[in-house]
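Work through the exercises below with the model open. Try each task before reading its solution.

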Amino acid sequence: MAYYLGIDVGTSGTKSLLIDAAGKVLAEAVAEYPMHQPKPGWTEQDPEDWWQATVATVRKVVRKAKAKPADVRAIGLSGQMHGSVFLDAKNKVVRPALLWNDQRTVAECDEITQRAGGRKALIKMVANPALTGFTAPKILWLRNNEPRKFDKVRKVLLPKDEIRRRLTGEFAGDMSDSSGTLLLDVVKRQWSKKLLSKLELDPDLLPPVFESEQVTGQLTAAVAEELGLSTDCKVVAGAGDCAAGAIGNGVVERGVLSTSIGTSGVMFVHSDQPEYDADGRLHTFCHAVHGQWHMMGVNLTSGGSLQWWIDNVVQGLAGIPKGKRYEAATAEAAEIAAGSGGLSFLPYLNGERTPHADPSARGAFVGLNLTHTRAHMTRAVMEGVVFAMRDSLEIIRSLNVPVDQIRVSGGGSKNPLWKQMQADIFGQNVVTLNAEQGPAYGVALLAAVGDGAYDSIGEACKATIQVKEQTKVDRKAAATMDALFPIYQDLYVALKDSFQKIASLQ
């Protein structure tokens, strides 16, 4: 038998799944771990938690599938992007990893922009502006604020690449994930020697980079024994979670866009060549498809906004078990008409990336009156998340990038109300797919390609991924949303200065 393992090192937990060569999911498992917030706007995790979750989930899926060690031919790795794992000369972690949604690096972003010769010069070098979530500002933050720890650092890895090191003993990265460090020349698909020089960073801090399906090593004997696998098991380069999720959604050709509502929200569109938003509001990254690119808009707190609302505010669902509160809350919200009675929610609970690139942005309800209920507020939270994603879609459309089909995934594909909201707010029918396992499924397919089961990732996606159902636009609701969207956009502009003052107090 030929089986392929996909491992996704997420923010809230690690997911592993096993597929056969036809793409059928044989088993899957998830292990959760905490995210630490030592200060407002700071987010960190212990890489050891990722490793323990990887071991636990891999062993579980191998056991569930009753797979023999030789059956698992290759592993694909995905993970939360931009995180920084700092290793010393003995490959020991120097400090907790700084995560993608960490906002402490405002000064370092300014420093990078200045050293690069300005925002336009920086975008020309690496296709993107300096944003607080990216990896390069984190490296400079360590140098500026914890110099003794920085002096110990010999290698900086992304989360999934630290797991690769533990699996194989090899240092390696892939093009898509490395694009989000701000240190990759995205057009030439290699580390930017020019920017590294301007930042006075040693290129040896970074691992070699590969295309996503390329083999980067095999399991060490000790790890193979621990996981119940074989040392013949290959590990391919893999992809950052956004590109891996796009592979899992079959977004491998022009005209197809995927949306994902997880902790963050992502609008991801395929591109045959590097295409830029001159204002740097969208990311231009290498795709996990060999020699291809993509554009991406990211909202920092999408599903996270609904999680915050239900877990921390909605305490009034008396008698309902915690595990069913989401279903109960969204069922209440579904009883409210589109537009939430004129109530708007800005989902900027931890700053925002697209389109504002503003770590000081904050969440807000605007338009409350005495007729509004908890259900109105829940619906407004959900609509605000989708409005934030429409911001990205509007930029994509303005660049004349074709969007012929929108594929929804993540939590936004599992909740009927959120699917309908996306169709209505985007003004375009949306579809869901037979494959709903996200990034882990995408990198399992990459592993199959790397092992030779398919000639290309495009071939693998066509063979395994099909449209399952379509959600059509409700024209009446869409008209309401079209009327509210410019109001939603105006609110950030009106509150921006106040957000800056509030953030300084917090």
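**Exercise 1. The second largest pocket**

Task: Find which residues lie nearest the centre of the second largest pocket, and which helix gives the largest share of its lining.

Solution. The model is predicted, so read every value below as computed from that prediction.
- Step 1: Take the lining. It counts 19 residues.
- Step 2: Go to the centre. Cys109, Ala130, Leu131, Thr132 and Ala357 lie nearest.
- Step 3: Assign the lining to helices. Helix 2 (106-116) and helix 3 (119-126) each supply at least two residues.
- Step 4: Pick the main contributor. Helix 2 gives the largest share, four residues.

**Exercise 2. Tryptophan 42 and its partners**

Task: Classify the ring pair of tryptophan 42 and tryptophan 141, then decide whether each residue is buried or exposed.

Solution. 
- Step 1: The structure holds 11 aromatic pairs.
- Step 2: Check the geometry. The ring centres of tryptophan 42 and tryptophan 141 are 5.5 Å apart, with 85° between the planes. Planes over 60 degrees apart count as edge-to-face, and this pair is edge-to-face.
- Step 3: Locate both rings. Tryptophan 42 sits in the loop between strand 3 (25-32) and strand 4 (44-45). Tryptophan 141 belongs to helix 4 (residues 135-145). They are 99 residues apart, so the pair links distant parts of the chain.
- Step 4: The cut-off is under 20% relative accessible area. Tryptophan 42 has 18%, so it is buried. Tryptophan 141 has 6%, so it is buried too.
- Step 5: Look for a charge over the ring. Arginine 104 lies over the face of tryptophan 42, at 3.6 Å from the ring centre.

For a cluster of rings, go to Trp308, Trp309, Phe345 and Phe365, which ring pairs link together.

**Exercise 3. The nonpolar cores**

Task: Identify which members of the largest nonpolar core touch the most other members, and list what isoleucine 457 contacts beyond its neighbours within four places in sequence.

Solution. 
- Step 1: Recall the background. In soluble globular proteins, nonpolar side chains tend to be buried together.
- Step 2: Among 75 residues, Leu183 and Ile457 touch the most others.
- Step 3: Find the main source. Helix 16 (residues 439-450) gives the most to this core, nine residues.
- Step 4: List the contacts. Isoleucine 457 meets Ile247, Val289, Leu445, Leu446 and Val449.

Methods. Residues are numbered from 1 along each chain as its sequence is written. This is a predicted model: local features need pLDDT of at least 70, side-chain atom pairs count only at pLDDT 80 or more; totals for chains, interfaces and linings use all residues. Side-chain values use heavy atoms; hydrogens and water are left out. A nonpolar core is a set of buried Ala, Val, Leu, Ile, Met, Phe, Trp, Tyr and Cys residues joined through side-chain atoms within 4.5 Å. Buried means under 20% relative accessible area, exposed over 50%, partly exposed in between (1.4 Å probe, protein chains only). Contact means heavy atoms within 4.5 Å. Rings of Phe, Tyr and Trp (its six-membered ring) pair if their centres lie within 6.5 Å; planes under 30 degrees apart count as stacked, over 60 as edge-to-face and the rest as tilted. A charge sits over a ring if NZ of Lys or CZ of Arg is within 6 Å of the ring centre and within 35 degrees of the ring normal. On a 1 Å grid over the protein atoms alone, a cavity is a set of points where a 1.4 Å probe fits but cannot get out, and a pocket is an open set with protein on both sides within 12 Å along at least five of seven lines; lining residues have an atom within 4 Å of a point.
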